[in-house]
Amino acid sequence: MSTLELPRKASEGDHFVSTEPFDPGSAMRLTPEQERFYLASQWKLMWWKFLRHRVAVVSGVILLLMYGSTVVTEFLAPYNLHSRHTDFIYASPQRVHLFHDGHFIGPFVYAQTKRLDMTNLRRIYTPDRSEPRRLRFFCAGDPYRFWGLVDMSFHFVCPAQNGTLFLLGTDRLGRDMLSRILYGARISLTIGLIGIALSFTLGLVIGGIAGYYGGWVDMTVQRLIEIIRSFPELPLWMALSAVLPVTWSPILIYFGITAILALLDWTGLARAVRSKLLALREEDYTTAARLMGAKPARIIGRHLLPGFMSHLIASATLSIPGMILGETALSFLGIGLRPPITSWGVLLNDAQNINVVALYPWLMLPVVPVIVVILAFNFFGDGLRDAADPYR
Amino acid sequence: MLQYIGKRLLMMIPTLFAISLIVFTIIQLPPGNYLESYIAELEAQGESVDQQKVAFLREYYGLDKPLPEQYVRWVGGMLHGDFGYSFEFNMPVTKVIGDRMLLTIIVSFATILFTWAIAFPIGIYSATHQYSWGDYGLSLLGFLGIAIPNFMLALVMMYVANVLFGTTIGGLMDPQYIGQPWTWAKIKSVLEHSWIPVIVIGASGTAGMIRRLRANLLDELQKQYVVTARAKGLPPRKVLRKYPLRMALNFFISDIGSLLPHIISGAEITAIVLSLPTTGPMLLNALKSQDMYLAGTFLMFLAALIVIGVLISDLALVALDPRIRLSGGVAR
Amino acid sequence: MRGVLGVGLLLAMLIASAAFAEEPPSLAADVASGKLPPLAQRLPKTPCVVDIAWPGWATGRYGGELRMLMAKDRDIRMMVVYGYARLVGYDEHLHLKPDILQSLDNDGNRIFTLHLRPGHKWSDGQPFTADDFRYYWEDVANNKDLSPFGLPRALLVDNRRPKFEVLDATTVRYSWDEPNPQFLSALAAPSPLFIYRPAHYLKQFHARYVGLEKANARAVAAGSRNWAGLYQKVDEQFRNDNPDLPTLEPWINTTPLPTTRFVLVRNPYFHRVDRMGRQLPYIDRVIVGITDDKLIPARTGAGNVDLQTRYLRFDNYTFLKQAESRNHYRVYLWEKALGSQVALYPNLNVDDPVWRTLMRDVRFRRALSLGIDRHEINEVVYFGLGQESANTVLPRSPLFRPQFRTAWSAFDPKRANALLDAIGLTKRDENGIRLLPDGRPMELIIDTAGESSEETDVLELIRDTWRQLGIAMFARPSQREVFRKRVFSGKSMMSVFYGLSNGVPTPEMSPAELAPTTQEQLEWPMWGQYYEQNRRGGEKPTLPDVEELVQLYQEWRRSTSDDERERVWLRMLTIHADQVYTIGTVTHALQPVVVSDDLRNVPSDGIYSWDPGAYFGMYHVDAFWFDSEGR
């Protein structure tokens, strides 16, 4: 045990304080990575941690692509949403080939010849192997109104002149399934987003107020939350959807369904916010802010919330799949969206009967993007949640 | 403790009251009433309706009375144990629900057992072998269970089972056993039919449970006391079982309460698609045809179950977790 | 109506052979032990003979169990429809014949004398006599508690009541001052006017017979508010859900609600026999299973049924046909008897004055009709097997004329555009949509009751062709009740529904559908209400042709000869063809009928019609039989 030198008494006046400028770097040397790490903001740290979760990144990219496609749906889809082909009802999917008779001629499909089977009352389509129809890219196809504003007819891929391109088959009016699924993405994906935005706002505001003020405000909100959570989810969706007047325009019904889904969802978020706030408002920095005269809104918004915003975002992301599934289920049952709005749920509603399962199974394909989106959101949300607390 | 229970029970009353108001409003919101739907439906099929009978029924059921009066009649009836009359089935609501309850409970229990039986070992394995291939693979399966809409799965499985095994489509048993006393053949038929709904309904529940068990268990396994226990030489399995698992099971307990309404209402959409004689399809039809008392009473029943379930969960948590008791609040 | 049939010879034969006719094997045990009386005492003295003379029809054998599927337990009432035991009924040629009645005397459609069959018994063995009619008249129809709103409409002529008399134990008479042509068709309807009741059973629930207190006590014990409530619950001959209620139908329902499987057993006292004197029905039991309506085509295809048509749609045909040989059934296609599968109804009483003028302009309606490509609709929706047509009667009807079908039903957009120009709708907006006289774009909103994908598809096709006329069409689905309300109140400018419900009328059947008679009519609800409420509600028609239709209808009601009635019908149909009050699309749609391989006497080519016909009713389900032992 070495002898430690006690500091000399102050009265002996022997301090030495150097007047040289102090270089913190001399006390501790950091490698460039460490420096970047320590200097990085919270969001940057989250981003780096997120990147380490590979699956989440892939899911994120997929989601980005899907949402991106909703912006340029009209361009991507080979056909218009409503264009129908009377001669190609219930056509089976056409496969894309690259080699015809051994030669490479670019992507093409074989034309389909139709035969009416009058015994079974069935339309039979067989590919005509002698006639390759080359696909055109960046071409002029079905005219459409881009976002309802500009008349265009520019498509990414179109069928050959006088040809058809039914990559996923057609339905009972001869409408191309691929195009309908692409258009359906617009509705199905955005319902989730808008619904989450609504429910997020509601949850934040109401939970925040309850958590911050406490007292009877908190009790009322608690009761309200309890009442809403006491409703069985699906029956309430059903009941509320039945309430939407069918005479409303499709857009209004769309927002109505979104609102219904959101109204039942915000409680989870509100409770999380509330419990966190109840804890955090006892912290010193909150007291300090209050003493300095900050308004409650500012305290909640600027000081308390950012502490766990990341958690909130993660849990919000994990609620989106629930909303998408909810809308799909409601439309499938026939009490959500209805034609002419096209969402994946509406498309699946058409696929509900034995004819489809036995004879025209390609009509069930809208279930695939539903699965992909939900998987993607789940992985993405998982990644976000893991990244949400980078200091762990 | 008793005081706490008493207070909670007292607070249930205004909650239930508010719920009844909301339920009634929602059911009455769509225009028209049961009789008008009924008439319109018959007319859509080309049949005409005996107007006299309809007028009589309208007056008899009080459908021409103002809404507040109908509400008071309904709530008053419920307090007396008179849960109203189902127009569609032409019999008291309790009889309609009661008939379907047994099968609903059977299916739900089977599903829950299935879910727990599968989720448990998989969740534990996933947590203890984190980031292994098994973990990823099983997680993927779990996610698939959540992602595939269960109604599509039910639909396809139903037809596949018919083609492959000759199972009759829809329902919970072969038609000739309906209404017959229970024999081995009938039980066998019910088993043949129930594996589809159990798997379909269980799929999403299993996945959710696996993920939560895994997440909670992982949280616990990283805590200090686990390190200490290992360092002190406790065999790994005992380490797992004795402490972290119990903590992770917290959420099982808190979930028990919310299981109650699920048992009773039984996965509505899947039941609708598979045409099971359970309470789910009954509710949907009642809502669609505005069978006021049936829909309203059943919704109230479910809501009351949820409220009671929450209470039970809270009590269970308080009983099991001393921290909550001592800190004086419910941490969820 | 047709008077007494010439069945006298056969009857004599029958009475003789009844003594030697065999018992149905399923009843033999009960007869032997004495629980049931022997056949001769169970049948009426002169039973009704069922002898259908078309190829393939044969007298059959007893035995078997008929399986059917329905979607709601309410549908058990369909067994009363299929069984079709009526006082008078339509036969397979759509002629009215006495069925439960032995004979009917009709004096100018004013005085109807009904002769019952002596010895006819209810399904529990009690006699069916004039007392059952008297009970209905005095204690049900005229009882203030049970019928607070008066007599059924079919018993009233201009709101005046009939005179009811019991002449003897098997004869009753209804008389009116003015002719009541709807009386017989109401008795023969699939959902008929029941002017009799099983009095011996129902008296125990009636306050007049057991006393008010006892009746009320019984009702309260059973869960009803008062005795009238309980009575209405048990006295439901059509609803068919009370297993204790005696019936005259061929099969008796033995399963109470709630259930997903109804078992109906043969009625040992059923009044019909085949030409060998054997009591019908041939089939011992009928099993009606209840399942979700979406699953019925699948289960039918899996061979779970013996006779099925309800809830099968035309687009199920391919699937059903493919499974035919595997599952031992055949699929027939029957012709639906609707005037048009999907018809448009311009609302001549719409609120909006601009649209009202247009709807009432015949050129507009004709243009709309010319703007529909019926050929495309036929190809797309009906596989080309339908018949493009205006909304009119079918060729099977004696009243059919080819010009009714082709009137204004070609696809001629040029001519349609010319008509619209002639009306003055020449201005168009930048999208090519014509402008109404007040400047609004021509946006035609069609209300639908929302649940038929057939309607949606047809409307989709029509929308595209009307675009060529410069009309923008929107389909607005509603719930059914809302849909009707919108039409009545004038808020709906056009609606879509099926066409003429009776597409195979004979001159004796009522042309009420062709004139404003009820507010349920979607093309002129207010005018219909005017006549329905005896000029006290609604509006008086203003179009001369519609007024002529009203007069013609009155003429039909008062007419006394078939020639006169035919003349009236033809004139009414001509007016409709010319004025296009309703726009038809495709008719002769086909309805799949699945019949198990060993079920006989089901016509392969029948008419699928609700009224007249009662779907299977007029084809005598009681005479269907299974051609294999031991089922």
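## A buried arginine and its partner

In this predicted model, R434(C) forms a salt bridge with D421(C), with the closest N and O atoms 2.7 Å apart; a salt bridge is here a side-chain nitrogen of Lys or Arg within 4 Å of a carboxyl oxygen of Asp or Glu. The pair links distant parts of the chain, since R434(C) sits in the loop between α17 (413-423) and β17 (443-448) of chain C while D421(C) belongs to helix α17 of chain C, 13 residues apart. R434(C) is buried at a relative accessible area of 0%, whereas D421(C), at 36%, counts as partly exposed (buried means under 20% relative accessible area, exposed over 50%, partly exposed in between, with a 1.4 Å probe and protein chains only).

## Other salt bridges

The whole structure holds 52 salt bridges over all chains. One of them joins the side chains of R67(C) and D306(C) at 3.1 Å, N to O; R67(C) lies in strand β2 (residues 65-70) of chain C and D306(C) in the loop between α11 and β13 (307-308) of chain C, so the pair ties together parts that are 239 residues apart in sequence. R67(C) is partly exposed at 27% relative accessibility, and D306(C) is buried at 0%.

R278(C) and D274(C) form a further salt bridge, their closest N and O atoms being 3.4 Å apart; R278(C) is buried at 11%, and D274(C) is buried at 1%.

## The interface of chain C and chain B

The contact (heavy atoms within 4.5 Å) takes 48 residues from chain C and 47 residues from chain B. The two chains bury about 4000 Å² between them, 49% of it on carbon and sulfur atoms, where buried area is the accessible area (1.4 Å probe) that two parts lose on being put together, summed over both. In chain C, R74(C), R261(C) and E481(C) lose the most area to chain B, together 15% of what that side buries.

Across this interface the rule finds zero salt bridges. α19(C) gives the most to the side of chain C that touches chain B, with five residues; helices (H or I, at least four residues) and strands (E, at least two) are DSSP runs, numbered from the N terminus.

## Basis of the values

Residues are numbered from 1 along each chain as its sequence is written, and chains are lettered from A and ligands numbered from 1 in the order in which they are written. Local features need pLDDT of at least 70, side-chain atom pairs count only at pLDDT 80 or more, and totals for chains, interfaces and linings use all residues, while side-chain values use heavy atoms, with hydrogens and water left out.
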